[in-house]
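Here are a few friendly notes to read alongside the model. Take them one at a time, with the structure open beside you.

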Amino acid sequence: MNLLVFGLYFPRHRRRDLVVAYLGVNVGVVAVASSLSAGNGSTGLGLGLALFGVLSIIRLRSTELDQHEVAYYFSALALGILGGVETGNLWRSAGLMALILVVLFVGDHPRMLRSYRRQVMVLDTAFPVHTALVSHLEHILGARVHSALVQRVDLVNDTTVVDVRYRVTPGGGTSKPGPSAQPDAVPAGHSASMGVMRP
């Protein structure tokens, strides 16, 4: 758990409240599992499934977590079950614990698919046509849009809410500059001011 929380999660995500949650869940599961486990496989399996179900209910009634935080949550629970249930095979439990840590280390690594991103955007234009929406998103993001899930199109207020998944291309990631705001060139002998006539 020290490796999971202080070696992987906190250095990458810096959310202090979940550090307490992960440690508390793990210690609680270890205590309950070690107290109730009778040393047979069926009891350990039933106990593990019951604890997973309880945690799912608690999560549905609490603050919403991101998907990577859910993964750490269930990993803390799994480590607690593996550490508290007597399986008669210490090396197998240790190997499974190590496997959990390795999977999280690789799957949540900052370099893992780092060019792929997701965000919910509110656009100041209504886009009822999907192809026009994708073209506009690629223009302002400077990226390749893989998915654009429209959540709401408001034709009255002229807005669009879209959940966009995209990949930042080399040299992209910023919106492309729009048309220049400089005034057009004025021919010689003409005034640049509107509504003013020279004889």
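1. Start with α1 and α4, whose axes lie 12 Å apart and which pack at an angle of about 170°. Axes here are lines fitted to C-alpha atoms, for helices over the stretch in contact, and angles run from 0 to 180 degrees between N-to-C directions. The two helices are therefore roughly antiparallel to each other, a label for angles over 145 degrees, while those under 35 count as roughly parallel, 65 to 115 as roughly perpendicular and the rest as oblique. Helices (H or I, at least four residues) and strands (E, at least two) are DSSP runs, numbered from the N terminus.

2. A word on the source: this is a predicted model, where local features need pLDDT of at least 70 and side-chain atom pairs count only at pLDDT 80 or more, while totals for chains, interfaces and linings use all residues. Residues are numbered from 1 along each chain as its sequence is written, and side-chain values use heavy atoms, with hydrogens and water left out.

3. Which residues meet between α1 and α4? From α1 come Leu-4, Leu-8, Tyr-9, Arg-12 and His-13, and from α4 come His-68, Glu-69, Tyr-72, Ser-75, Ala-76 and Leu-79; contact means heavy atoms within 4.5 Å. This contact has six nonpolar, three polar and two charged residues. Ala, Val, Leu, Ile, Met, Phe, Trp, Tyr, Cys and Pro count as nonpolar, Asp, Glu, Lys and Arg as charged, and the others, Gly among them, as polar.

4. Now look at helix α4 (residues 67-84) beside α5: their axes come within 10 Å and cross at roughly 170°. These helices are therefore roughly antiparallel to each other. The residues of their contact divide into ten nonpolar, three polar and no charged.

5. Helix α1 (residues 2-13) also packs with helix α5 (residues 90-107), at an angle of about 10° and with axes 11 Å apart. That makes α1 roughly parallel to α5. Leu-3, Leu-4, Leu-8 and Arg-12 of α1 make the contact with Leu-101, Leu-104 and Phe-105 of α5.

6. Asp-108 lies in the loop between α5 and β1 and Arg-12 in helix α1, so the pair ties together parts that are 96 residues apart in sequence.
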